[in-house]
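Please keep the sequence and the structure in view while reading, and look up each element as it is named.

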Amino acid sequence: MLHNFHISGANQKIIYISNATQENRRIIPKSQTHNNPKPSNISMAHTTPPLVPPLKCSSTGQDNKIETHKPIFDPHTIDPNLVQKMEYDALVWSSLHGLLVGDRASQKSGRVPGVGLVHAPISLLPMPFAESYWKQACEVAPIFNELVDRVSLDSEFLQESLSRTKKVDAFTSRLLDIHAKMLAMNKKEDIRLGLHRSDYMLDEQTNLLLQIELNTISSSFPGLSCLVTDLHRNLLRQHLALDPERVPKNNAVGQFAEGLYKAWTEYNDPSAVVMVVVQTEERNMYDQHWLFTVLNERYQVRSIRKTLAEIDSQGKLMPDGTLVVDGEAVAVVYFRAGYAPTDYPSESEWSARLLTEQSRAVKCPSIAYHLAGTKKIQQELAKPNQLERFLENKDDIAKVRKCFAGLWSLDDLNIVKDAIERPGLYVMKPQREGGGNNIYGDDVSIALQKMQKEGTEEDAAYILMQRIFPTVSPAILMREGVSHKDHVISELGIYATYLRNKTEVIMNGQSGYLMRTKVSSSNEGGVAAGFAVLDSIYLV
């Protein structure tokens, strides 16, 4: 269902109308608004897209220019005086409510709390998003949770699927080595906790909500995403005649805290702590602190923050498998680091990762959960009949498969040939997290031809993914106190919590959301990496 939007400016009233025609909005002088013109209601027909939609690409391999459609409401047309007032209020609200990150201009901001603070990069207003796709993403979240858990238990599938990657990717190889050592020890994870985030884009060419990736380690922004939602609801309530209830409530931080608490409870040692594994320098520390403030205030569970190097120097394993770090018994190890090669600059960090895996502490994620979230496993699961290996319910399988974009191994020579000829239709992805690692556009063709010429197995370190072409929308973006109008694309992340013990599933459900918005000319989408801003959604 589409909604009509009434935005009251300082000197004019703007009525935004969802319309298929070129004329999407009427700007009505304030003196005429007493007539109360009634906007038209227009229904949207939903048609089933073809299974293999026609793809568009220029012959040179350059990225397509996506047509900017008329928005449901256009922030660029709001009265400038009102925009200025909202920007000021947004900055004040962010400062007072902890919607903050470390300032890159301050050397200490990533190490010392309270020093060098700046508001998190944000979109001034929420992004319109179809309610049907929102419900679809929420509905599939617990199915993906169950899928990750079952994949993690299939050690043969993990080792075999990543065997070629292991030969050419040193980072993945080290992770697999730790996994193999746990198998040799017959180490079982009886308590399994997953704090996941599945990221999606709405593909304009197919009208399908397609999964970008499934994050099983360090799913960031559960704290700040909730604050952006609250900020947007507040701005709509104060300044615009838009229904703030159409911005879905977001309790990601509460749900993640509950998952950590219940995992801590299952461990059954009231004196033990939750240990957060962090990077040496972390400008996104306040997002992390929000989570553990809620954990402490709501559940009275203590936490400690340690780098991998500190765990190696301060940690030890007791005879019963208890992990003790800096004199504290650890019930849950929650990784907000350890997902990238740069987190392991020496053998010390790898020793710490092995130590945690050998312990009886609950790991979030375990090494098996970590591997289950790699790009190669995502690609393997998209193969025909692979989901049936892990899921029984045909409806669940269909819901998951509907979210899959095209995913291929680089040993598929026909796809590689097409990607060389039409690189704008593909993205090359390595087994990395954190943003800034993917290959786009003509660089795809160059990289593939280079690999073919050299004749190495380097291609096993990558997968090819269908390039998704989302709708471009207008937005007002704010970073470091400065705003600018731009045309953007957005990526919806759905948080999900999963916890089980030997006998039962304790938690399994959708746990809030993260909307990230970036300028349409940007390929990458990481907020912490500097490519995007935090956003929320307005259901239409």
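Predicted model: local features only at pLDDT ≥ 70, side-chain atom pairs only at ≥ 80, totals over all residues.

Strands β8 and β20 are joined by nine bridges and run antiparallel, and within this pairing the bridge partner of L195 is T497 in β20.

- Is strand β9 mostly covered or mostly uncovered? Strand β9, residues 208-215, is mostly covered, since eight of its eight residues are buried, a term that stands for a relative accessible area under 20%.
- Strand β20 is joined to β19 by seven bridges in an antiparallel arrangement, where I476 has K485 in β20 as its bridge partner.
- Strands β19 and β20 form a hairpin as well, with two residues between them, and E480 in that turn has a positive phi of about 55°.
- Twelve bridges join β20 to β21, and this pairing is again antiparallel, with M507 in β21 as the bridge partner of L499.
- The hairpin formed by β20 and β21 has four residues between the strands.
- In a regular strand, the side chains alternate between the two faces of the sheet.

**A three-stranded open sheet**

- Three strands form an open sheet in the order β16-β18-β17, and their pairing is antiparallel.
- Because β16 (407-409) and β17 (426-430) stand at the edges and each has a single partner strand, one side of each is left without a neighbour in the sheet.
- Neighbouring strands of this sheet are turned against each other by 30° on average, if direction is ignored.
- Three bridges join β16 to β18, residues 462-466, and in this pairing L407 stands opposite M465 in β18.

**Helices that cross**

- The axes of helix α14 (residues 413-421) and helix α15 (residues 442-454) come within 8 Å and cross at roughly 130°, which makes α14 oblique to α15.
- The crossing in which α14 passes α15 is left-handed.
- For helix α1 (residues 80-97) and helix α6 (residues 222-239), the axes come within 10 Å and cross at roughly 140°, which makes α1 oblique to α6.

**Aromatic rings**

- How many aromatic pairs does a search of the whole structure find? The search finds eleven aromatic pairs, and one of them is the edge-to-face pair of W134 and Y513, with 5.1 Å centre to centre and 75° between the planes.
- W134 lies in helix α2 (residues 131-153) and Y513 in strand β21 (residues 505-519), so the pair ties together parts that are 379 residues apart in sequence.
- W134 is buried because its relative accessible area is 11%, which falls under 20%, and Y513 is buried because its relative accessible area is 1%.
- Y344 and W350 form a stacked pair, with 3.9 Å centre to centre and 20° between the planes, and both Y344 and W350 are buried.
- Ring pairs link F171, Y344 and W350 into a cluster.
- The ring of F335 has the charged end of R353 sitting over it, 4.6 Å from the ring centre.

- Most residues other than glycine have a negative phi, and most peptide bonds are trans.
- A cis peptide bond with an omega of about 5° joins C364 and P365, and P365 lies in the loop between β15 (362-364) and α11 (367-372).
- N385 has a positive phi, near 70°, although N385 is a residue other than glycine.
- The loop between α12 (375-381) and α13 (394-403) is the place of N385, and N385 is exposed because its relative accessible area of 60% is over 50%.
- E480, named above in a hairpin turn, has its place in the loop between β19 (473-479) and β20 (482-500).

Terms used
Residues numbered from 1 in each chain as written. Heavy atoms only, no water. Buried < 20%, exposed > 50% of the residue type's maximum accessible area, 1.4 Å probe, protein only. Phe/Tyr/Trp six-rings, centres within 6.5 Å; stacked < 30°, edge-to-face > 60°. Lys NZ or Arg CZ within 6 Å of the ring centre and 35° of its normal. Axes fitted to C-alpha atoms, helices over the stretch in contact; angles between N-to-C directions. Parallel < 35°, antiparallel > 145°, perpendicular 65-115°, else oblique. Left-handed = near helix turned anticlockwise from the far one by under 90°. Pairing = 2+ DSSP bridges.
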